[in-house]
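Visitor: Could you take me through this model slowly, and tell me what each term stands for as we go?
Guide: Gladly; let us look at it together.

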Amino acid sequence: MELTDEELNYYNALYALIGIQRKYGKDNAISFLMHEPFQVKRARAREMYNEAINLFYADDSIENNAHRNLMFDNLQKAAQVVLTTARTSKDMEVYGSLLTQAAKIKQLDRPDPEKRQAVKDKNIKIYMLDTQAVGIPQVDRQQLAAQIDSIQDISERERVRIKRDANVIDVDIIEMLDDQEAKTKDID
């Protein structure tokens with residue numbers, strides 16, 4: 001979709017707003033819109049700020065671990081700059097504080113989760129249809145079929161699918177593949 005010149009200018013203003021917010025903070029970003037070339041009123045500048053935040057941060061699919069690693073890396077770089085330019089003991093306190101913050105973000109202040117020692121320690125899951133093996137009485141499949149047949153407002157095709165899922169009737173793999181092919185035929 002192509003943007004009009006006006007829409008593109010608005011998008012660029014929001015993008016610039018985010019950059020200013022990152023470097024100088026919210027108040028300076030809003031103030032930026034109130035001066036040349038935009039000259040918008042404070043209320044509108046605040047609305048645009050909110051729109052920019054929603055536009056650029058509403059859909060964040062980055063995992064928390066990736067965010068932690070990114071923040072850790074940034075704090076490490078900041079700490080290195082402080083270390084190389086340190087002149088006083090106060091600078092070294094800032095350096096230590098940055099390292100402490102980085103360690104907390106990376107969760108280095110927490111104990112490592114225990115690792116399993118051997119394959120035999122791995123949890124084993126067993127899936128089965130025999131309910132008696134786990135102490136539950138066996139289900140009467142004919143009674144289950146009757147309950148499924150009593151469901152109203154579903155098609156016969158759906159009724160057969162439910163019966164297959166409930167293990168009342170045998171699964172016909174060929175029929176299932178044909179059904180899947182028919183469902184996806186129109187997608188191409």
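Guide: A residue is called buried when its relative accessible area is under 20%, exposed when over 50%, and partly exposed in between, with a 1.4 Å probe and protein chains only. This is a predicted model, in which local features need pLDDT of at least 70 and side-chain atom pairs count only at pLDDT 80 or more, while totals for chains, interfaces and linings use all residues. Residues are numbered from 1 along each chain as its sequence is written, and side-chain values use heavy atoms, leaving out hydrogens and water.

Visitor: Which residues of α7 are exposed on the face turned away from its buried side?
Guide: That face carries Arg157 and Asp165, whereas Arg159, Lys163 and Arg164 are the buried residues of α7.

Visitor: Why are α6 and α7 called roughly antiparallel?
Guide: The axes of α6 (residues 141-149) and α7 (residues 156-165) cross at roughly 155°, and angles over 145 degrees count as roughly antiparallel, so α6 and α7 are roughly antiparallel to each other.

Visitor: Which residues make the contact, meaning heavy atoms within 4.5 Å?
Guide: Ala145, Ile148 and Asp149 of α6 meet Arg159, Ile162 and Lys163 of α7.

Conventions
Axes fitted to C-alpha atoms, helices over the stretch in contact; angles between N-to-C directions. Helix = DSSP H or I, 4+ residues; strand = E, 2+ residues; numbered from the N terminus. Parallel < 35°, antiparallel > 145°, perpendicular 65-115°, else oblique. Contact = heavy atoms within 4.5 Å.
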